[in-house]
Amino acid sequence: MRGEVLHYDEEQGFGFITGADGNRYTFTRENLRRETAMPNGTAVEFQPGGGQARDVFSIAAQTAAPAADAGTSAAQPQAGKPAAAGARQAQHFGRASEPAEPTDLWGYFWRGVTRNYFNFAGRARRKEYWGYCLFWTVCLLIIGGIGLFTDTDMGNFDSDVSAAVTVGLCGTFLLATFLPSLGMIVRRLHDIGLSGWLCLVILIPTIGSLIILVFALIPTQARENQWGPVPAGIRT
């Protein structure tokens with residue numbers, strides 16, 4: 001399958017690829033067919049499987065190899081042009097290149113409710129989980145405050161529809177963020193080497209939320225597991 005490199009961290013030895021099918025795949029240094037630079041936007045061929053890209057190689061590098069063997073001196077000054085053209089063309093393939101890791105806590109929340117809205121695969125480090133929880137709580141408080149102000153201004157607390165706006169706004173927000181929040185819990189469980197199905201313990205009255213809290217505090221598994229490579233920013 002053809003795809004485009006979204007991000008590759010040479011120091012950590014892993015990255016992300018957007019495939020021609022629109023899905024995102026992870027890959028590690030071991031999945032590269034040959035050791036080569038993988039800048040953002042590089043067009044590649046790979047074998048997909050289980051959310052991971054294997055046998056990855058750069059299309060530009062493959063097409064450039066026969067030209068190098070020919071050894072024509074006239075083509076050498078133009079060597080940089082095909083790669084540059086390929087990089088420009090790759091910008092129009094799949095999604096636009098974007099950093100794999102947000103630079104702030106808000107970025108984790110925004111990624112959670114946008115790109116990762118239906119994502120129940122992969123791993124989420126503690127910083128990602130708590131960054132999401134922080135701004136989820138802040139947003140809920142702001143929405144609740146707007147609802148209370150509106151209900152007070154409309155005099156709803158003195159009528160039969162007491163707090164109707166507050167309940168409606170907060171309820172809508174909770175429903176809208178249910179799936180990304182559940183996906184974040186599942187990916188956090190994956191990050192510590194546990195099955196995402198353990199998120200069902202939250203249904204246990206009283207202690208269910210406490211169990212999830214304990215899981216969320218456990219450090220990242222500092223090695224690749226069956227759900228993917230070590231998240232970016234974790235020292236192994």
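**Close-up views of a predicted model**

**View 1. M1 and its surroundings.** Leaving out residues up to four places away in sequence, M1 touches G19, A20, D21, Y25, V44, E45, F46 and P48, where contact means heavy atoms within 4.5 Å. You are looking at a predicted model, in which local features need pLDDT of at least 70 and side-chain atom pairs count only at pLDDT 80 or more, while totals for chains, interfaces and linings use all residues. Residues are numbered from 1 along each chain as its sequence is written, and side-chain values use heavy atoms, with hydrogens and water left out. M1 sits in the segment before β1 (2-9); helices (H or I, at least four residues) and strands (E, at least two) are DSSP runs numbered from the N terminus. Between the C-alpha atoms of M1 and A20 there are 6.8 Å, although 19 residues separate the two along the chain. With a relative accessible area of 31%, M1 is partly exposed, on a scale where buried means under 20%, exposed over 50% and partly exposed in between (1.4 Å probe, protein chains only).

**View 2. Salt bridges around E128.** The structure holds five salt bridges, each a side-chain nitrogen of Lys or Arg within 4 Å of a carboxyl oxygen of Asp or Glu. R111 and E128 form one of them, with their closest N and O atoms 3.2 Å apart. Because R111 lies in helix α3 (residues 105-113) and E128 in helix α4, this pair ties together parts 17 residues apart in sequence. E128 also meets R187 in a salt bridge, at 3.8 Å from N to O. R187 belongs to helix α6, so here the parts tied together are 59 residues apart in sequence. Is E128 buried or exposed? At 4% relative accessibility, E128 counts as buried; R111, at 8%, is buried too, and so is R187. Beyond its neighbours within four places in sequence, E128 has contacts that include Y108, N116 and M184.

**View 3. The R123 and D191 pair.** Here a salt bridge joins R123 to D191, the closest N and O atoms being 3.1 Å apart. The pair links distant parts of the chain, 68 residues apart: R123 is in the loop between α3 and α4, and D191 is in helix α6. Both residues are buried.

**View 4. The two sides of helix α5.** T166, C170 and F173 of α5 are buried. These three cover an arc of only 60° around the axis, which puts them on the same side of α5; the arc is that of the directions from the helix axis to the C-beta atoms. On the other side, V167, T172 and L175 are exposed. Helix α4 is included in what covers the buried residues of α5.

**View 5. T206 in its loop.** T206 has a positive phi of about 70° although it is not a glycine. Most residues other than glycine have a negative phi. T206 lies in the loop between α6 (178-191) and α7 (208-217), and at 70% relative accessibility it counts as exposed.
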